[in-house]
Amino acid sequence: MLPSVSTFLHPVNSILTSRSARANAHIAESIKQAASTIAYGMVKYYTGNNTGDVPGNLPSPYYWWEAGAFFGALIDYWYYTGDTTYNDITTQAMLWQVGPTNDYMPPNQTKTEGNDDQGFWAMAAMSAAELNFPNPPADQPQWLALAQGVFNDYAGRWDTSTCGGGLRWQIFTFNNGYNYKNSISNGCFFSIGARLGAYTGNQTYLDWAEKVFDWVAGIGLMDSSYQFFDGTDDTANCTSIDQIQWTYNAGIYLLGAATMWNVVRTFIKAFLASANSALTDHRRATDEMVQCRSRHYERLVGVLFYQPSQRNDGAGMRVHRKV
């Protein structure tokens, strides 16, 4: 009896599999080394851990929101590389800036803090919760609670006095931009709501995410091609839109939409699994409705992720890790 072809191919497959595994391991290590080099270079800009400086702050000309993004990136860096080098300064900064009400409203930022600035710190805290970054000491606010604190602030600031809703750019009336309702502030609300809903299973967060998304679309900050525009003036009841585009606006809605898509798809599977034959018609109608919403988020992700960026800041699309 002649040996089968698979008998001859088995050693070849074993060799190829072994080589592929070694190549993948080499690529992964190379990426980690590159990330380490970038993280080291980034942290060289940080002075908040120097004597006399304020933990969590970056030196001029960098803004407070950029510091929030900075530490969010270090949390991601720890998760993907396993390198704990920067964990201590990250934890110190993330807790130093929480403010007296544990919602990233520190007194040192009162003159300049907007809803978007606060959101970047909340998203870093949300990442810490999602990725199981080492917990703060027991007597300190925990990562999830900090993200929830910012979400609660946002819900309380939802302003229906003009434009049928929306978050203002600025928190305080004395700051320029208080009359501006913009994509990034509402994008922070949308993204944090979606992520909290996915993480906790609490429908209230998901309902708010849907509400924000629908308002942004309805007011014209997002068009039918999923282009996101900067903002609108509430003194004119949001009847005109500033058409400038920034990649971080598109990126934050991309993350929120991807999260909502995953949540909606999970709901569909659970619903179909639990429905019985007596509910066939109702099940079909509900499934079609949810599938429609799912496709809405799916189209947004597809358009933003796969089409080349045509944004005014000249940068490529900054795609978040969760997508």
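**Notes on the predicted model**

1. Phe71, Leu74, Ile75 and Trp78 of helix H2 are in contact with Asn87, Ile89, Thr90, Ala93 and Met94 of helix H3. Sorted by class, this contact comprises seven nonpolar residues, two polar ones and no charged ones. The coordinates discussed here and below belong to a predicted model.

2. The geometry of this pair may be stated as follows. Helix H2 spans residues 64-81 and helix H3 spans residues 87-96; their axes lie 10 Å apart and form an angle of about 140 degrees. The two helices H2 and H3 are therefore oblique to each other. The crossing of H2 past H3 is left-handed.

3. The chain contains nine helices and three strands. Read from the N terminus, the order of elements is α-α-α-α-α-β-α-α-β-β-α-α. The chain has 323 residues, of which 45% count as buried. Among contacts with a separation of 6 or more, 64% join residues 24 or more positions apart. The accessible surface of the chain is about 16,700 Å², and carbon and sulfur atoms account for 55% of that area.

4. Helix H6 covers residues 183-200 and helix H7 covers residues 203-219, with an angle of about 155 degrees between them and their axes 7 Å apart. Because an angle over 145 degrees counts as roughly antiparallel, H6 is roughly antiparallel to H7. H6, too, passes its partner H7 in a left-handed crossing.

5. Which residues of H6 and H7 meet? From H6 the contact draws on Asn186, Phe189, Phe190, Gly193, Ala194, Leu196, Gly197, Ala198 and Thr200, while H7 contributes Tyr205, Leu206, Trp208, Ala209, Val212, Phe213, Trp215 and Val216. The contact of H6 with H7 holds 13 nonpolar residues, four polar residues and no charged residues.

6. Serine 185 is also part of helix H6. Its relative accessibility is 0%, so serine 185 counts as buried. Leaving aside residues up to four places away in sequence, serine 185 touches Asn115, Asp116, Leu167, Arg168 and Trp169. For one of these, leucine 167, the C-alpha atom is separated from that of serine 185 by 6.4 Å, although the two residues are 18 residues apart along the chain.

7. The backbone has several features that a reader may wish to inspect. Most residues other than glycine have a negative phi, and most peptide bonds are trans. The peptide bond from serine 60 to proline 61, however, is cis, with omega near 15 degrees. Proline 61 is located in the loop between helix H1 (5-43) and H2.

8. Asparagine 237, which is not a glycine, has a positive phi of about 55 degrees. Its place is in the loop that links strand S2 (231-233) and strand S3 (241-242). Cysteine 238, likewise not a glycine, has a positive phi of about 60 degrees, and cysteine 238 also belongs to the loop between S2 and S3.

9. Are asparagine 237 and cysteine 238 buried or exposed? Asparagine 237 has a relative accessible area of 45% and is therefore partly exposed. Cysteine 238 has a relative accessible area of 5% and is therefore buried.

Notes:
Residues numbered from 1 in each chain as written. Predicted model: local features only at pLDDT ≥ 70, side-chain atom pairs only at ≥ 80, totals over all residues. Heavy atoms only, no water. Helix = DSSP H or I, 4+ residues; strand = E, 2+ residues; numbered from the N terminus. Buried < 20%, exposed > 50% of the residue type's maximum accessible area, 1.4 Å probe, protein only. Contact = heavy atoms within 4.5 Å. Areas by Shrake-Rupley, 256 points an atom, 1.4 Å probe, with all protein chains shown as cover. Axes fitted to C-alpha atoms, helices over the stretch in contact; angles between N-to-C directions. Parallel < 35°, antiparallel > 145°, perpendicular 65-115°, else oblique. Left-handed = near helix turned anticlockwise from the far one by under 90°. Nonpolar A, V, L, I, M, F, W, Y, C, P; charged D, E, K, R; others polar.
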